[in-house]
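Please follow this explanation with the sequence and the structure side by side.

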Amino acid sequence: MLKTSNETSIRRYITLNVLVLIIFSILITKFFQLQVVRHNQYKEKANINSIRAESLHAPRGSILDRNGEIIVDNAPTYVLIALPNVIGNIDSTISIISQLLNCDSTLLSENYKKYYYGYFTPVRLIKDLTFEQISRLEEHKLDLPGIDYKQIQERHYASNMNGSHFLGYVVEVDRINIKNISSSNEYNYGDLIGWSGLEKSYEGYLRDQKGVEYKAVDAYGRIIGEIAGRNRIVPKPGKDLVTTIDSELQRFIEDLMVGKRGCVIVGEPTTGEILSFVNSPNYSPDLFTGATLSDDWNQILNDPDKPLLNRITHGLYPPGSTIKMIALAYILEHKVISPDKQFYCSGKYRFGNRTFKCWNEAGHGYVNLDKALIQSCNVYFFNAIQNIPLNDWAEFCRQFGFGGKTGIDLPSESFGNVPDEKYFNLRYGEKGWTQGLKLNIAIGQGETLVTPIQLLTYINLFFTNGFTKQPHFIESSRVKNVKIENISKNTWDRLNGLLFQIVNDKKGTGQLANPHIDGLKVAGKTGTAENPHGEPHALFIGYAVKDDIKRSFVILLENVGHGGDEAAPIAREILSYIYEDFNMENNNKNVINAE
Amino acid sequence: MLSMRNKTTKVYIIIIPIVFLIIISLMALYSISLHQNMQFYSSSFFKQLIFLIFGIIALIVMFNIPIKLYHKYSIIIYILATIAIIVPSFISSSISANRWIHIGSIGVQPSEYAKWISIIFLARYLSDRNIKMDNMLSFTIPILIILLPAFIVFSQPDLGTAIIMIAPILPILFWVKARPYHLFILIAPIFSILTAFHNISFTLWGIVLVVIILLSKPKIWEGVTVFFGNIFLGLFAPVIWNILHPYQQKRILTLFNPELDPLGAAYQIIQSQTAIGSGGLFGKGWMLGTQTQLKFLPVQETDFILSVIGEEFGFIAILAIFLLYAFIIYKIIQFAYIVKDRFTSIILIGIASILLAQVFVNSAMTVGLIPVKGLPLPFISYGGSFLVSSFMMIGIVLNFASHWSD
């Protein structure tokens, strides 16, 4: 005991307990009155007076081409929604709807499961309701409590071009895909989210800022008024995205590539802008909007030509002869052999007990560095590569952007493969490989694998003497420079001269690329990539310049034959289209000026 | 019954109802977290689990502090607590955030702790000397001890917490043998003012006043003073009221009757009543309350969590909750009766009063019995400071009760 003892009387103790008893009796009585006596009255009130928080959406930003032409915008569509807390028996409701709207009941119940989030959240049943279906719904509204329709915005592809591989698509957030969204708390079921391509890369830019509206609704989901004191939050539309794409050119090349397998990229070599980005075969960007039938899906998924593959960023190809400039740049910079040194090409080359072939089986005769590139003589490179250490060669390749990301503003891209000693040691064991592997590497066959977008940066570096920018669709500060500093201007000049001769020399392998337009300079390199799937892939990379209009391009056609024969003519058609178009515009201007 | 003081009683049994209350709380918070639309780790359900760990630690700490130390340091802690509840008013510019002290990212609400800290100091004052509570002058210091922190909290303005801080004064004075008549005189002026604006009520109050004064047979001049003092106060109240500016009147009115704020409390009370009433006898089912899930109910995880429970689990759950609280409070009063020392006895009565007041004010508010708003429900409402403070009180109860014979 501290100081004084507890002397409280039993009467006061009992009094306090009685007080506690009274207080709890009051509370229990009041709750009993509310919950039991007047229960029906409040139940009615809760049913009638329900609030519904509805998300308000503003349009997602549009995607425009470089001239301001709309490529992707939004169009309204009507969707059928179901409110689980109001619907009695979902199965019978679905069978009524499927009869009423003449649609598949299994699809309805599948969607109901797929988009079911919670007892109080509207579930999306089907999209693209027709006016007739809406009218029928209106007629039977009272028979279908908890069934409603509403207007939403859907992606609409306004231009004739496809471009689905870089535009990407949006999906509705549902209970399955929300697990893959990192910022999932910002999304509700049914919201649109960019799922691939530019739609994904620039999601934060294109996306609208959601608003919210509170509505009082009755037990049938009918809106009976606004809720006082709950402010409506106005949604804000997403921002428009202006791309570097030239939709006219894109469309032209898409048409040109119909029936072919491969890809074409056209870019601006100094700025890294991408004007055309064509994969073939393609698929319609509408594939992911509206109700995609599973048959259509399976057809696309099982197509041996892989239309869903983005060949430009994810297709891995041997670069073929297009890579030959790297060995020459090394020779010119490091003087491991004299540029004038000649090797004799008989059409084949023996190394150890293996025979390597030149593409020209008749042989090129004596070949120096210049002739080796212009005529793309393999034997010269078989000889030359033996003077270059493998790791040095690999390092040079990486400088040109191979074996790494190009930084293109799409959600993902492949790295490709640049083999070096470490790679071969891992693959074949330390002693398991010979210099013979290097011979294939020198001519771009074998284990070197590149993506077409890497080839674009590669050719851009030649045009700019080693100072270009990352390939991109959207101009922004995120676009970084791509620089090569340890190659001298002389080397660049000499190699660019050779690239010019490849297209312009009588014996150049790329002559078919030249559209012969006055004042137009075209340079490029052919490539023929051997592969186990049949005929070699035809490659042509290059650039063209006239006045201030500079364009670089990468053309790849799968399993068609030689680059000079198959890919170069495509380049000619594209260049004719680009530069004759400009000529016409200029002529028109001149006419107007003359008047 | 008298022999009870010499018998030991099961002390730890009060943990059982608390565990049940916590389980009900977590079920309700989990249901609420469904529509909070945020990551699990930032939901109030998960955070409350973390707070629970702190609460249990705090309970163990309070349980192990020797009673002598409570006695010895009661003054210093009281002064520090009083300063702590003033501090937020100075360092915070926004009115609503006036009750919090932020230490890093953790916010602490000092007034939650000041509730029982001032009780400890009051208990020391009343137990150090054997004060005879035979006249009303002896109430002065006890009332001042309680009113000082309560007034600061009231001015912040947090009427709810201020009421909880004042609530123990009458039970404690009653416990230390103050005359019921004196306690009546203490609260009579409040009734005089409140009834003054309504003729019939004021007349009835006057009759009650006369009857009680006559029954307790005071000296004539004393009885006359009390009666006319109260009557004059009642008559003057409307006069003073009319002198006030309309905006001042409105401010006072909304403080005591938030329903006058049309977009705020009236709406909330109606929604709360609808939630509770529509729950019925057995409730709508866990996670199935329309009022709750459609966010119709305001401040669900704190002030109106009882409405969530009433809606989803029904009257059965509400009845169980009240029985659990009644049992806890009954046991604490029982401990207060059997402990041999006056200091600890007073503190126990104080804690029982705080818990009772909190349960009453919060539940009465959710059904619209009384207008005050902004009070949480012990062991059930979400909130770190509040939960930890409640656990500390239980730690003190267990500590004192298990040393009942000291």
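Among the elements that cover the buried residues of helix α4 of chain A are β3 (70-82), α3 (90-101), β4 (123-126) and β6 (170-172) of chain A, where contact means heavy atoms within 4.5 Å, and where helices (H or I, at least four residues) and strands (E, at least two) are DSSP runs numbered from the N terminus. This is a predicted model, in which local features need pLDDT of at least 70, side-chain atom pairs count only at pLDDT 80 or more, and totals for chains, interfaces and linings use all residues. Residues are numbered from 1 along each chain as its sequence is written, chains are lettered from A and ligands numbered from 1 in the order in which they are written, and side-chain values use heavy atoms, with hydrogens and water left out.

The residues so covered in α4(A), which spans residues 105-115, are L108(A), N111(A), Y112(A) and Y115(A); buried means under 20% relative accessible area, exposed over 50%, and partly exposed in between, with a 1.4 Å probe and protein chains only. Because these residues cover an arc of only 105° around the axis, they lie on the same side of α4(A), the arc being that of the directions from the helix axis to the C-beta atoms. E110(A) and K113(A), by contrast, are exposed on the other side of α4(A). As a general point, an α-helix has 3.6 residues a turn, so residues three or four places apart point the same way.

Elsewhere in chain A, S164(A) belongs to helix α6, residues 164-167, and counts as buried at 1% relative accessibility. When its neighbours within four places in sequence are left aside, S164(A) is in contact with N282(A), Y283(A) and P285(A).

Chain A also holds an open sheet of five strands in the order β12-β11-β21-β20-β19, with antiparallel pairing; two strands pair if DSSP finds at least two bridges between them. Its edge strands, each pairing on one side only, are β12 (274-280) and β19 (521-531) of chain A, and neighbouring strands of this sheet are turned by 5° against each other on average, direction ignored. Strand β19(A) runs antiparallel to β20 (residues 534-546) of chain A and is joined to it by 10 bridges; G527(A) has L539(A) as its bridge partner in β20(A). Helix α9 (residues 247-256) of chain A packs on the sheet, touching β11 (262-267) and β12 of chain A, and its direction makes about 25° with that of β12(A). Axes here are lines fitted to C-alpha atoms, for helices over the stretch in contact, and angles run from 0 to 180 degrees between N-to-C directions.

What aromatic pairs does the model contain? Since F277(A) lies in strand β12 of chain A and F473(A) in the loop between β17 (467-469) and β18 (481-483) of chain A, the pair ties together parts that are 196 residues apart in sequence. F277(A) is buried, with a relative accessible area of 1%, and F473(A) is buried, with a relative accessible area of 0%. In chain B, Y30(B) and F45(B) form an edge-to-face pair, at 5.2 Å centre to centre and with 80° between the planes. Here Y30(B) counts as partly exposed at 31% relative accessibility, whereas F45(B) counts as buried at 14%.

The largest nonpolar core has 119 residues, of which F24(A), W116(B), F322(B), Y325(B) and I396(B) touch the most other members; such a core is a set of buried Ala, Val, Leu, Ile, Met, Phe, Trp, Tyr and Cys residues joined through side-chain atoms within 4.5 Å. Helix α15 (residues 305-338) of chain B contributes the largest share of this core, 21 residues. Apart from its neighbours within four places in sequence, I396(B) is in contact with M62(B), Y70(B), W116(B), I120(B), I347(B) and I351(B). A second, separate core of 89 residues includes L167(A), I274(A), F400(A) and L410(A). Across chain B, buried residues make up 55% of the 406 residues.

Definitions and conventions. Rings of Phe, Tyr and Trp (its six-membered ring) pair if their centres lie within 6.5 Å; planes under 30 degrees apart count as stacked, over 60 as edge-to-face and the rest as tilted.
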